[in-house]
Amino acid sequence: MAGIFNLFSPSPATTPLTDKTEIDHLYKRHRLRVMLAITLGYGIIYTCRLALGLVKKPLIDNGIFTPDDLGLIGSALFYAYAIGKLTNGFLADHVNIKRVLALFFLMTALCNIAMGFVGTVGAAVLIWGLNGWFQSFGAPGSVVAMTHWFSNHERGRMYGIWSTAHSIGEGLTFLVVGSLVALLGWRAGFWGPGLIGLAVALVSWRLLQDRPASLGLPTVADWKNDHYETTNHKQDAASVFRTQIAILRLPAVWILALASATNYVTRYAINSWGVLYLQEDRGLTLPEAGTLLMISTLAGIAGAIAYGFVSDKFFNAKRPPANLLFALMEIAGLLLLFYGPDSMPVMVCAVLLFGLGMTGLVTALGGLFAVDICPKRVAGAAMGVIGVFSYIGAAVQEHVSGILINGGMTVADGVRHYDFDAVILFWIGSSVLSTLLAASLWRTRLRD
């Protein structure tokens, strides 16, 4: 046990370097490698959590699972993810990010491979739940790495770039995984991401680096001379844990957690049920529905980068004004998608607005704003607290959406018909509530 603990403990600090040229060289080299690993690596491994949304129709049509079953299986991932976001968020502040992040990438890939062999609800719930727990280390682990290598007034832009990982993962899922399912059947929808994930785990391990101190580097805030305020930077395990507990007394953290939870209801409603909605209500084929949602994810890449740039440059790293701007875009996209004219140009416009707005909000409410309002040395815990609420929201969405969709489904002459009216109101209402909660944090104090 001692050997395992030492293996995953943070790398020890080495003798501080004094040569400014060498310090600058090492920072520039490893910052690029870290961003590649946490953005592209996490983006590709993200496909390992979204595969279920692409195979719902073939699973239902083949009589393997019902919508209720799929809601239960999907919610297992989110509930496990929520618990893991909290526990792994706190854990991320205390471990060697290089080793642990690569290990969890490996385990989520193996879970996807196992799902391709499953045919019973119980086994699917267990494996998909485990997948959720392993996936839950990805975001806090990535953000902890980011906070160690990027300073306060550049973190918004870097977080925006990193947040494109979600859209990269979604785009790959809708395009590549969707094509695999269409060509090879539903099992390929799990096996494809699983096999790719094995390679991602290895590459991430090679690229990542632990904390700057392990290379003899100063903290990034000292290197950049970028502090919010004068603080005591001693970070022994006891002081870090006390600070982790202290953030639970911040009211803004709880309000932000609720805002993120209600935002994640809509986010994962579209990810999990959007393909089914577009197929059954709008009459699109699987490739057409996947392509439409891929357009949304491409817009999301622009939205994530734009959010970081807009909030950093136009609002001086203040997130609430940018939150409101992107929330209005997201809600407008939803209204156009569900209630606009039934034509492809309109639907393309709708998913563009939704993708821009939603990914900007995920960038902020899902982590960046939490990192801003909490001490940076407990970035993982801040992500964990927000994450547990976010994915409880996603899990509740999955279960409630499954019930509402199943309740609106009828079968006539062997043909299924769907009524999405009730579930659409649930999704849009959640976005409106999230916007109101986020707007209440307009004057929240930022911390170093």
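Trainee: Is Thr-410 buried, partly exposed or exposed?
Mentor: This is a predicted model, in which local features need pLDDT of at least 70, side-chain atom pairs count only at pLDDT 80 or more, and totals for chains, interfaces and linings use all residues. Residues are numbered from 1 along each chain as its sequence is written, and side-chain values use heavy atoms, with hydrogens and water left out. Buried means under 20% relative accessible area, exposed over 50% and partly exposed in between, for a 1.4 Å probe and protein chains only. Thr-410 has a relative accessible area of 47%, so the class is partly exposed.

Trainee: Which residues does Thr-410 contact, beyond its neighbours within four places in sequence?
Mentor: Thr-410 belongs to strand β1, residues 409–412; strands (E, at least two residues) and helices (H or I, at least four) are DSSP runs, numbered from the N terminus. Contact means heavy atoms within 4.5 Å. With those neighbours left aside, Thr-410 contacts Val-415, Arg-416 and His-417.

Trainee: How far apart are the C-alpha atoms of Ala-37 and Trp-205?
Mentor: Ala-37 is placed in helix α2, residues 20–45, and counts as buried at 2% relative accessibility. Beyond four places in sequence, its contacts are Tyr-42, Ser-204, Leu-207 and Leu-208. Ala-37 and Trp-205 are 168 residues apart along the chain, and their C-alpha atoms are separated by 8.3 Å.

Trainee: Which charged residue lies over the face of Trp-205?
Mentor: A charge sits over a ring if NZ of Lys or CZ of Arg is within 6 Å of the ring centre and within 35 degrees of the ring normal. At 4.8 Å from the ring centre of Trp-205, the residue is Lys-98.

Trainee: Which residues touch the most other members of the largest nonpolar core?
Mentor: A nonpolar core is a set of buried Ala, Val, Leu, Ile, Met, Phe, Trp, Tyr and Cys residues joined through side-chain atoms within 4.5 Å. The largest such core has 122 residues. Those touching the most other members are Ile-38, Tyr-42, Trp-162, Leu-278, Phe-338 and Tyr-391.

Trainee: What is the angle between the planes of Tyr-42 and Tyr-46?
Mentor: Rings of Phe, Tyr and Trp (its six-membered ring) pair if their centres lie within 6.5 Å; planes under 30 degrees apart count as stacked, over 60 as edge-to-face and the rest as tilted. The structure holds 23 aromatic pairs. Tyr-42 and Tyr-46 form an edge-to-face pair, with 5.8 Å centre to centre and planes at 75°.

Trainee: Where does helix α13 bend?
Mentor: Helix α13, residues 251–280, reaches 43 Å from its first C-alpha to its last, close to the expected 44 Å; the expected span is 1.5 Å times one less than the number of residues. Of its 30 residues, 25 are buried, so α13 is largely enclosed by the rest of the structure. A bend is the angle between axes fitted to the seven residues ending at a residue and the seven starting there. For α13 the bend is about 60°, at Trp-273.

Trainee: Is Arg-211 buried or exposed?
Mentor: Arg-211 is found in the loop between α10 (188–207) and α11 (220–224). Not counting residues up to four places away in sequence, its contacts include Pro-10, Asp-93, His-148 and Trp-149. The relative accessible area of Arg-211 is 13%, so this residue is buried.
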